Amino acid sequence: MTALQLSSEVSEALDAGRPVVALESTIISHGLPRPRNYEAALEFEAILRDQGVTPATVAVLDGVPRIGLDAVGVRRIAEDDLAKASVRDLPILAARGASGATTVAATAHLAAKAGIRVFATGGLGGVHRGASESFDESADLSTLAVTPITVVSAGVKSVLDIGATLERLETYSIPVVGLGTSIFPSFWLRESEHTLDWSVETPDEIAAIMSAHDALGHRQGIVVANPIPAHQQWDPAEHDRVLAQAFAAAHDAGVRGKAVTPFLLGYIVEASHGRSLEVNLDLARNNVATAGRIATAWARRRA
Ligand code: PSU
Ligand code: MN
């Protein structure tokens, strides 16, 4: 059985010490509607290439965890009905020769195994509202507790329990650093009610933290909280109104478990007439560009 398959482009970049950024596929398969998801997958890769950074989109195709996709692979994550694959699903997909779109957890796990140190996503998974009863906490958190990769995200979606998510990140000793902000962002919005202990202004400072983290022998991930630029964020009043509707709809439809996040995201796109989607794309592009700069700073520091 093949453990991991790196594209030649990714493996050459890693061998040469050039910057590489991992990209997840669940955001493409389950987080964004067709056909915009396909354009987004190509665009995220192009943003990195324009910076001289090698993109490594991660997915499991026909049982093989792939680090870096070719054109056919990118089309498949956008157009096939792929399973949403977290870390625990990987051995099952591999043994059965099945395919899956990797979450932040599974992407981080596979990318770190391949030797990639920087990863861009939209929003991190976290602790769901009502988790004290449902126990619904994303494996993104427990995986980052044991996975040495720097994840650039616009915080966590306001559909989650942000305070509880930050508590969990603290429990797992995962550093959370604001980039240009000391307030934890809430995905579509630049801010949340939660302040951060640490913030930096530049990608170089993130790379310095990564070096120090390694020197201390730490093996956790690092969360970079990268808020959407103010002029691109969703109108807060509309955001609050649509979210309230989405929770009511999920409750009425009886959605549970790992179906909750895709349900809410899909509902919110519809109910906002696409506005939340534009914001989602903008924040993701912004995270990808920032991750490219961090990977570049990291490669320079190691050279
Ligand atoms: N944030 C988004 N879109 C997404 C996700 C997060 O804007 O599609 C996905 C990520 O792949 C993340 C996953 O890892 O949702 C978390 O799902 P769960 O809560 O079931 O762990
Ligand atoms: Mn869950």
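This is a predicted model: local features need pLDDT of at least 70, side-chain atom pairs count only at pLDDT 80 or more; totals for chains, interfaces and linings use all residues.
Residues are numbered from 1 along each chain as its sequence is written, chains are lettered from A and ligands numbered from 1 in the order in which they are written, and side-chain values use heavy atoms, with hydrogens and water left out.

Let's start with the ligand. Ligand 1 sits in the largest pocket. A pocket here is an open set of points on a 1 Å grid over the protein atoms alone, where a 1.4 Å probe fits and protein lies on both sides within 12 Å along at least five of seven lines; sitting in one takes more than half of the molecule's atoms within 2 Å of its grid points.

Which residues come nearest? Of the 16 around ligand 1, they are E24, K84, V104, S138 and D140; a residue counts as near if one of its heavy atoms lies within 4 Å.

Now the polar contacts, meaning pairs of N or O atoms within 3.5 Å. The side chain of D140 places an N or O atom 2.7 Å from a ligand oxygen. For K157, a side-chain N or O atom is 3.0 Å from a ligand nitrogen. Ligand 1 exposes 480 Å² when taken alone, and the protein buries 94% of that, by the Shrake-Rupley method with a 1.4 Å probe.

Who builds the shell? Helix α2 (26-31) and helix α12 (260-271) each supply at least two residues, and α2 gives the largest share, three residues. Helices are DSSP runs (H or I, at least four residues), and strands are E runs of at least two. Domain 1 (1-116) and domain 2 (117-233 + 282-303) each contribute at least three residues, with bounds from an automatic or database domain assignment.

Finally, the backbone. The R34 to P35 peptide bond is cis, with omega near 0°, and P35 is in the loop between α2 and α3 (36-50). F187, in the loop between β9 (176-179) and β10 (199-200), has a positive phi near 70°.

How values were computed:
A polar contact is a pair of N or O atoms within 3.5 Å; within protein, one must be able to donate a hydrogen and the other to accept it, and residues adjacent in sequence count only if both atoms are side-chain atoms. On a 1 Å grid over the protein atoms alone, a cavity is a set of points where a 1.4 Å probe fits but cannot get out, and a pocket is an open set with protein on both sides within 12 Å along at least five of seven lines; lining residues have an atom within 4 Å of a point.
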